[in-house]
Amino acid sequence: MRIRFLALIAVALAGAAGAFALVWRPAMPAQAEAQSFDPALIAKGRELAAVGNCIACHTVPGGEAFAGGLAIPTPFGTIHSTNITPDRETGIGVWSLAAFTRSMREGVDRAGNHLYPAFPYDHYRLVSHADNEALYAYLMTRTPVRQDALPNDLVFPLGFRPLIAGWKLLFLEPAGFMPDPAKSDEWNRGAYLAEGLGHCGGCHTPRNGLGAQIADQHFDGGEAEGWHAYAINANSPAPIPWDRDALAFYLRHGWHEVHGVSRGPMAEVTGNLGGLPDSDIEAIAVYVADVMGEPSPERRQQAERLREEVGGPERTGGDADTLAVPPDVAGMPGAALYAAACATCHESGRPLPYGGLDFRLSTAVNADNPQNIVTVTLFGLPPADGEASSVMPGFAGALDDRQVADVLAYMRARFSSGTAWPDVAEMTRRTRSGEHKVVVRPSDGIERAPLNVGVEVGP
Amino acid sequence: MTVKLKVNGTVHEVDADPATPLLYVLREDLELNAAKYGCGLGQCGSCMVLVDGEATLSCVVPILALAEREITTLESLGTQDDPAPIQSAFIELQAAQCGYCIPGMMMSAQALLQRNAAPSDQEIRDALRTNLCRCGTHMRILAAIRRAGEMMSAQAPANRRAG
């Protein structure tokens with residue numbers, strides 16, 4: 001009896017020790033002041049920060065760069081990004097390189113607290129020591145901003161950070177990038193950037209009930225700040241399949257003639273990638289094109305037909321009346337709205353990125369999820385500050401929910417072979433009211449804090 | 001085909017194709033010429049009017065979308081003898097040069113000031129993001145909008161001009 005009791009205590013103690021080892025992480029010593037960095041290292045860090053799109057989450061629109069405080073809505077409540085300027089009290093000024101590297105690889109802050117995986121360390125774990133050193137040099141040489149982090153507002157019991165250790169046990173893979181020796185150096189460079197710092201899957205891979213990316217649905221489409229992030233694997237809904245060259249052009253310039261312009265959170269991504277060398281852009285394109293794979297012969301044929309159609313005489317008419325539209329589609333209630341509100345730009349024949357995309361080429365019109373086209377119809381594409389950019393007026397003030405649904409139903413019927421979207425009027429209502437939170441920003445570059453021109457809602 | 005439009009408080013019956021952009025009907029049928037044709041693509045803002053109080057680009061909105069809606073043009077805000085705050089402020093601060101964009105600027109500003117009579121400069125810039133001016137009077141336009149906000153706040157209790 002007594003022995004059994006002792007054994008029970010021993011098991012309980014072992015369990016407690018195991019849990020402690022799993023959860024506990026030591027605080028790291030504070031970094032002394034006055035570090036200096038090689039300017040070349042800082043410049044490299046700047047490029048890497050652009051790949052990581054750090055500024056997008058760590059900056060409040062209109063606020064100081066990297067000072068944190070942005071409310072990030074998640075299915076588990078709202079998380080506020082932290083101050084990653086080198087302010088010694090409210091930022092990461094006292095973090096050593098070792099503490100910074102641990103946060104990137106293990107999702108633990110300097111004091112030893114577990115960080116929520118809204119900070120994508122499930123990707124950043126792949127970042128090399130050399131790149132972390134450059135990122136550290138870049139961030140530690142930004143202007144320090146004194147700004148305390150706002151408290152998170154998470155559903156019970158997720159405010160208790162030690163639980164994150166359990167999440168990591170289930171979902172966090174070991175740190176370090178393992179190149180695939182069967183692939184080219186360029187492919188491996190692309191994989192390193194896209195899967196690591198670039199964290200493409202953070203938006204483009206769907207997540208499970210615990211917020212972890214579903215491994216066997218890699219790049220199968222997800223969500224970002226209220227936008228649908230399209231599948232960028234074999235299930236890509238693009239009418240003309242992406243290839244390496246198209247991806248590279250798009251990532252470099254933020255638009256492509258048969259795919260349209262980047263918008264929403266992707267506009268920031270392409271805006272930031274502008275500072276990257278061509279070789280890195282090419283590498284990402286090589287990798288993502290390989291994940292997408294070769295299109296089926298049938299899909300390729302369809303794309304060829306579409307290319308001919310779009311480049312053909314029909315396009316040059318520049319007038320909605322000259323296009324052949326089946327009578328049942330032409331009679332839809334959205335037809336006249338489309339002709340007056342949309343066709344003036346989208347059938348003008350004016351080339352991208354300043355003209356409107358021919359909707360036959362539109363991924364938004366051909367995707368099963370109409371969220372993005374609802375968002376763009378309501379709020380438009382805001383122009384970038386101080387530089388040439390694509391621009392589209394929003395129609396939130398002009399069209400009511402029914403009218404938006406009508407015009408989109410017409411576009412879906414006319415420009416896509418997909419089935420009609422259900423409940424677009426309801427989706428429009430929710431998007432307009434802010435019940436569905438969506439952020440609409442201009443495609444500004446990395447040093448500029450982005451503005452939200454979508455509906456303003458509380459945190 | 002006849003379409004009913006409520007413009008500046010009056011219902012008009014207009015004989016036009018329902019797909020006609022509002023701007024054409026305002027200028028050609030109703031002879032309300034404050035809203036200007038600039039780009040015709042909803043990108044320059046010179047055609048701005050209010051629809052149910054929201055700044056709306058009249059060159060890209062067909063009249064069929066506007067049945068039962070309150071359309072407000074610059075003409076209804078005030079007259080030469082009795083200008084509205086936004087008009088007085090633009091005159092006071094001499095915020096126009098060639099003037100072509102100014103009615104659109106005023107309507108975007110009016111929509112903003114009706115919601116918020118004391119906007120920050122950033123809020124003014126955001127609200128007028130799609131109003132272009134080639135003359136470069138932007139700083140005076142900003143000042144005029146701030147001034148109009150002050151005037152509207154001062155007369156708010158009387159609520160003289162509900163747009």
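Two strands count as paired if DSSP finds at least two bridges between them. The views below show a predicted model.

**View 1. Strand β1 of chain B against its neighbour β2.** B:Leu5 stands opposite B:His12 in β2(B). The two strands run antiparallel, and six bridges join them. Strand β1(B) covers residues 2-7.

**View 2. The five-stranded sheet of chain B.** The sheet is open, with the strand order β2-β1-β5-β3-β4 (chain B). Its pairing is mixed. Strands β2 (10-15) and β4 (54-57) of chain B form the edges, each pairing on one side only. On average, neighbouring strands are turned by 45 degrees against each other, direction ignored. Strands of a sheet pair through backbone hydrogen bonds, either parallel or antiparallel.

**View 3. Two helices across the chain B sheet.** Helix α1(B), residues 22-29, lies across β1, β2, β3 (48-51) and β5 (70-72) of chain B. It runs at about 85 degrees to β1(B). Helix α3(B), residues 102-115, lies across β3, β4 and β5 of chain B. Its angle to β3(B) is about 30 degrees.

View 4. B:Ser58 sits in the loop between β4 and β5 of chain B. Is this residue buried or exposed? B:Ser58 counts as buried because its relative accessibility is 0%, and the cut-off for buried is under 20%. Leaving out residues up to four places away in sequence, B:Ser58 touches B:Pro21, B:Leu22, B:Leu23, B:Leu26, B:Ala35, B:Cys47 and B:Val49.

**View 5. The domain boundary in chain B.** Chain B is divided into domain 1 (2-76) and domain 2 (85-157). Their centres, taken over C-alpha atoms, are separated by 21 Å. Domain 1 of chain B brings 17 residues to the contact, and domain 2 of chain B brings 14 residues. The area buried between them is about 1,200 Å², with 63% from carbon and sulfur atoms. B:Met48, B:Leu50 and B:Leu74 supply 43% of the area that domain 1 of chain B buries against domain 2 of chain B.

View 6. Strands β1(A), residues 71-74, and β2(A), residues 77-80, run antiparallel and are joined by four bridges. They form a hairpin with two residues between them. A:Ala71 has A:His80 in β2(A) as its bridge partner. Two bridges also join β2(A) to β3(A), residues 153-154, again antiparallel. Here A:Gly77 has A:Leu154 in β3(A) as its bridge partner.

**View 7. Helix α12 of chain A.** This helix spans residues 278-292, 15 residues in total. From first C-alpha to last, α12(A) reaches 21 Å, close to the 21 Å expected at 1.5 Å a residue. Its buried residues include A:Ile281, A:Ile284, A:Val286, A:Tyr287, A:Val288 and A:Met292. A:Asp280 is also buried. Among the elements covering the buried residues of α12(A) are α8 (185-195), α10 (244-253) and α11 (265-273) of chain A. A:Gly293 follows α12(A), and its phi is positive, near 80 degrees.

**View 8. The domain boundary in chain A.** The assignment for chain A gives domain 1 (24-171) and domain 2 (185-206 + 218-433). Their centres over C-alpha atoms are 32 Å apart. In this contact, 17 residues of domain 1 of chain A meet 16 residues of domain 2 of chain A. The buried area between the two is about 1,500 Å². Carbon and sulfur atoms give 65% of it.

How values were computed: Residues are numbered from 1 along each chain as its sequence is written. Chains are lettered from A and ligands numbered from 1 in the order in which they are written. This is a predicted model: local features need pLDDT of at least 70, side-chain atom pairs count only at pLDDT 80 or more; totals for chains, interfaces and linings use all residues. Side-chain values use heavy atoms; hydrogens and water are left out. Axes are lines fitted to C-alpha atoms, for helices over the stretch in contact, and angles run from 0 to 180 degrees between N-to-C directions. Contact means heavy atoms within 4.5 Å. The expected span of a helix is 1.5 Å times one less than its number of residues. Buried means under 20% relative accessible area, exposed over 50%, partly exposed in between (1.4 Å probe, protein chains only). Domain bounds come from an automatic or database domain assignment. Buried area is the accessible area (1.4 Å probe) that two parts lose on being put together, summed over both.
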